[in-house]
Structure formats: C-alpha cells, structure tokens
Amino acid sequence: MNMNKTLMMLGSIAAILLLLCGGFFTMGGIVNTRPTIPTGLYKKVDEPLTIGKIVVFCPPNKPEFQAARDRGAIKPGSCPDNFDNMMLKVAAKYKNKVTINDNGVTVNDVLYPQSKPLTQDREGRVIPRLKLDNYELTENEVLLMSDSNDDPFDGRYFGVIDVGQVDSV
C-alpha cells in the first residue's frame, strides 16, 4: 500500500510540474543556459527595442554565423538555415556610432565593457576579425553584445544585424 501512495504522489508531482512548465512556456517563458547573458528564466515582453534590453534573435545566414556554427559557438537549431536562436543585449541602435577594432567595441566613443575580441577560440582556431570605424547605425540595425567575460560570440565578431532578425525582447 505504501508503494501505491508513493507512486501516486510522484505522479501528482510530475503532473503539476508539467502543467507549470507548460504554462511558463505558453506565456513566453525562456530558459537561458548560454553564457552570453546570465543563466536563468526570462519572459518575452512586448516592449520597444531599447539599449540594455536582452533580445532573442535568429542569426542571419552570413559567413560569420556559418563559421561560428561550424566551430560550435552557435548550435544548430530551429531558426532558418539551421541556426539556434541567440540571446544578447542591445548595445547600440539607430544613429549610434560604432567602432569595432582590436581594442574592442566603442559605442558613441565609449568603450563597451569586456569587448576586446579574441584572436583564437578555445581550441586555438583563428577567429576572423571585424572592423568598423565610426559607423552610424541605420534605423533597421542594432548591435548586440554580451556582458559576459566568457569569450561570447557577439557583435564584436559579427557586427550589426537587421532589426528584422530580432524575435523578441
């Protein structure tokens, strides 16, 4: 009899967890385990795209993203062209001026924290360098960055992206 009670209790707990998880994801919940932003639970909201907001986006099919997927910096996933979605913070948008060079990323002449690009990945493979010089973002562009110091793949390596790639805030 105790075995039946235990099984019923475990079954009830499992059912409750499934309902809670289903509700979380149905309401726009996201679980982040990537090092580009703090690990945790996030909720999609209907807010304007502003500097400092964390966004979810599908990478465009560009050589920088293809090479990153080949190196394992981006996993294959459900986005078009077999990319996994990414979560990064908006660092610059319309009319901001961006410079990307060997010293790091500057937005409106202010150095973005921990933005100096690496020359090699963890396996010693050369990471292509991107250079922008005082580039003014257009209305349809954003620069997405990470605050992580764990060698993230972000705008320092792929530059600006089209706002249309952003799935949610």
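Predicted model: local features only at pLDDT ≥ 70, side-chain atom pairs only at ≥ 80, totals over all residues.
Me: What makes Arg71 and Asp121 a salt bridge?

Reply: Their side chains come to 3.6 Å, N to O. The cut-off is within 4 Å for a Lys or Arg nitrogen and an Asp or Glu carboxyl oxygen, so the pair qualifies.

Me: Why say that the pair Arg71 and Asp121 ties together parts of the chain?

Reply: Because Arg71 lies in helix 2 (residues 63-71), while Asp121 sits in the loop between strand 7 (110-111) and strand 8 (132-136), the pair ties together parts 50 residues apart in sequence.

Me: How do you know that Asp102 and Arg129 form a salt bridge?

Reply: Their N to O distance is 2.4 Å, and the limit is 4 Å, so they count. This pair links distant parts of the chain, 27 residues apart: Asp102 is in the loop between strand 5 (97-101) and strand 6 (104-107), and Arg129 is in the loop between strand 7 and strand 8.

Me: Why is Asp102 called partly exposed?

Reply: Asp102 has 38% relative accessibility.

Me: What about Asp154 and Arg156?

Reply: They meet in a salt bridge at 2.6 Å, N to O, and both are buried.

Me: Which residues do salt bridges with shared partners join into one network?

Reply: Arg71, Asp121, Glu123 and Arg125.

Me: And how many salt bridges does the structure hold?

Reply: Seven.

Key. Residues numbered from 1 in each chain as written. Heavy atoms only, no water. Helix = DSSP H or I, 4+ residues; strand = E, 2+ residues; numbered from the N terminus. Buried < 20%, exposed > 50% of the residue type's maximum accessible area, 1.4 Å probe, protein only.
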